[in-house]
Amino acid sequence: MTFSATDHRAMARALQLAARGLETTTPNPRVGCVLMRDGEIVGEGWHRRAGEAHAEIEALKVAGGAARGATAYVTLEPCAHHGRTPPCAEALISAGIARVVAAMEDPNPLVAGRGIAMLHAAGIAASSGLMADEARELNIGFISRMTRGRPWLRLKAASTLDGKTALNNGVSQWITGEAARRDGHCWRARACAVLTGIGTVRGDDPQLNVRAVPCERQPQRVLIDARLEVPLSAKILQGGQCLVAAAFADERKIAALAERGVEVVVLPDAAGKVDLPALMLELGRRGCNEVHAEAGFKLNGSLLREGCVDEILLYMAPMLVGDAAQGLFNLPELATLDKAVRLDMRDVRRIGNDLRIIARPRAD
C-alpha cells in the first residue's frame with residue numbers, strides 16, 4: 001500500500017493528538033483520529049481516559065455532517081466490539097466515512113483485524129501500516145500487555161560517568177541535575193505503575209509519586225518486599241494506591257497494611273524471594289501497560305537477570321566518584337564477553353548538564 005504526502009501529514013497529526021492522552025488513558029491505548037475531506041481537516045479528536053469517548057467518536061462529533069465522504073486517519077485500528085463504549089467501526093460506517101487509514105492493527109484479541117474487516121464488509125476502503133513504528137512506540141505498553149500478558153518495564157537509573165549510583169555510604173542525592181530529575185518525573189507520569197524495592201525504601205524512604213511535572217493521574221506504586229519489612233510509616237504507603245509484592249504471608253503485617261489501604265500479593269519463587277516474572281503477569285492482569293522501575297543495584301540486577309527489563313532509561317551525570325561507590329546492576333562476574341548483556345541504543349540526548357540514554361536489551 002502506497003500512502004500520499006497528505007496521508008502522512010494527517011497521520012502525523014493523529015499521532016500528535018494521541019500523545020495528549022499519554023498519561024491518562026490507561027488501561028486503554030493512546031489513540032488519535034483526524035477526519036479529512038477535500039484536503040481539509042473537518043474533525044479531530046483523541047481518547048482522553050477509559051470510559052470516555054474514543055478518538056473516532058470525538059472526531060465525528062466535531063465534523064458532524066462533514067464526515068460523510070471523508071477519510072479517517074486513526075493511530076489504531078477502530079474497535080469492533082462492545083466494551084465500555086460501542087464499536088468505533090460501526091460509528092464510522094454510520095457517519096458515511098469513505099476511507100479509513102489505520103497506523104496499525106489492534107493487538108487486542110477482541111479486535112485484531114475485525115475492525116478493518118467490518119469496514120471492508122461495509123464497502124469502505126480500509127488499510128493499515130502508515131507510520132506503524134511511531135504508533136507502536138506510543139502504545140508499546142498496551143501492545144506488550146495484549147501480546148505477552150505483561151507490561152512493558154522501563155528501568156530508570158541515574159549514575160555518574162563511571163557508572164555509580166550512590167556513594168558507598170548510600171548517599172545519592174543528587175547525582176543528576178534538576179532538569180534530568182524533572183524529565184524522570186515525565187516518564188513516571190506516563191507509567192501505570194512505579195516500582196521499587198525494600199532496600200530503596202529503607203535507604204531513601206521515597207514517595208515514588210509524580211511531583212516535578214503536572215499530572216492528572218498518579219501511577220500506582222508497587223513495592224517488592226519479600227519479608228514484609230516495610231515500616232508502616234514509610235512514605236510509599238501513604239495515600240493508598242500501593243501494592244506490596246511479598247514472598248511470605250505474614251497475616252499480621254498484611255492486616256496492618258490493609259488498614260492503611262495497602263494490598264499485598266504473595267508471589268514466592270523457589271528461592272524464597274518474590275517471583276518477578278509472576279509479578280509482571282499479575283500487573284498485566286491488573287491492566288498495567290507500562291511499569292517504571294526505580295530501584296537499587298540489587299533489584300536492578302534481578303529484574304535484568306530474570307528477563308523483566310524491556311528498556312533502560314539512564315541519566316548520566318558528568319562526575320566521577322571512584323570504584324568504592326555502588327554500581328548500577330548486581331550481575332555475576334563474567335569470564336567472557338559473549339555472556340554480556342547487549343543493548344540497542346534507541347536515543348541519546350543531553351538533558352540539562354546530564355546525558356540521557358534510552359537502550360533496550362537485545363532479543364538475540
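Entry 1: I looked up helix α9 (residues 251-259) and found Lys253, Ile254, Ala256 and Leu257 buried. Buried here means under 20% relative accessible area, exposed means over 50%, and partly exposed lies in between (1.4 Å probe, protein chains only). Helices (H or I, at least four residues) and strands (E, at least two) are DSSP runs, numbered from the N terminus. Down the axis of α9, the buried residues fall within an arc of 160 degrees, so they line one face of the helix; the arc is that of the directions from the helix axis to the C-beta atoms. An α-helix has 3.6 residues a turn, so residues three or four places apart point the same way. On the other side of α9 I found Glu251, Arg252 and Glu259 exposed. The cover over the buried residues includes β10 (263-266), where contact means heavy atoms within 4.5 Å. Just after α9, Gly261 has a positive phi of about 80 degrees.

**Entry 2: a note on the model.** I am reading a predicted model, in which local features need pLDDT of at least 70 and side-chain atom pairs count only at pLDDT 80 or more, while totals for chains, interfaces and linings use all residues. Residues are numbered from 1 along each chain as its sequence is written, and side-chain values use heavy atoms, with hydrogens and water left out.

**Entry 3: a loop glycine.** Which residues does Gly240 touch, not counting those up to four places away in sequence? I found Arg221 and Gly261. Gly240 sits in the loop between β8 (220-224) and β9 (242-246), and counts as buried at 16% relative accessibility.

**Entry 4: the sheet.** I traced nine strands in an open sheet of mixed pairing, in the order β10-β9-β8-β7-β11-β6-β12-β14-β13. Two strands pair if DSSP finds at least two bridges between them. β10 and β13 stand at the edges with a single partner strand each, so one side of each has no neighbour in the sheet.

**Entry 5: around β14.** Six of the eight residues of strand β14 (residues 354-361) are buried, so it is largely enclosed by the rest of the structure. Strand β12 (residues 311-317) pairs with β14 in the antiparallel sense over five bridges, and Met316 has Leu355 as its bridge partner in β14. Strand β13 (residues 343-351) also runs antiparallel to β14, joined by eight bridges. I noted that β13 and β14 form a hairpin with two residues between them, and that Gly352 in the turn has a positive phi of about 65 degrees.
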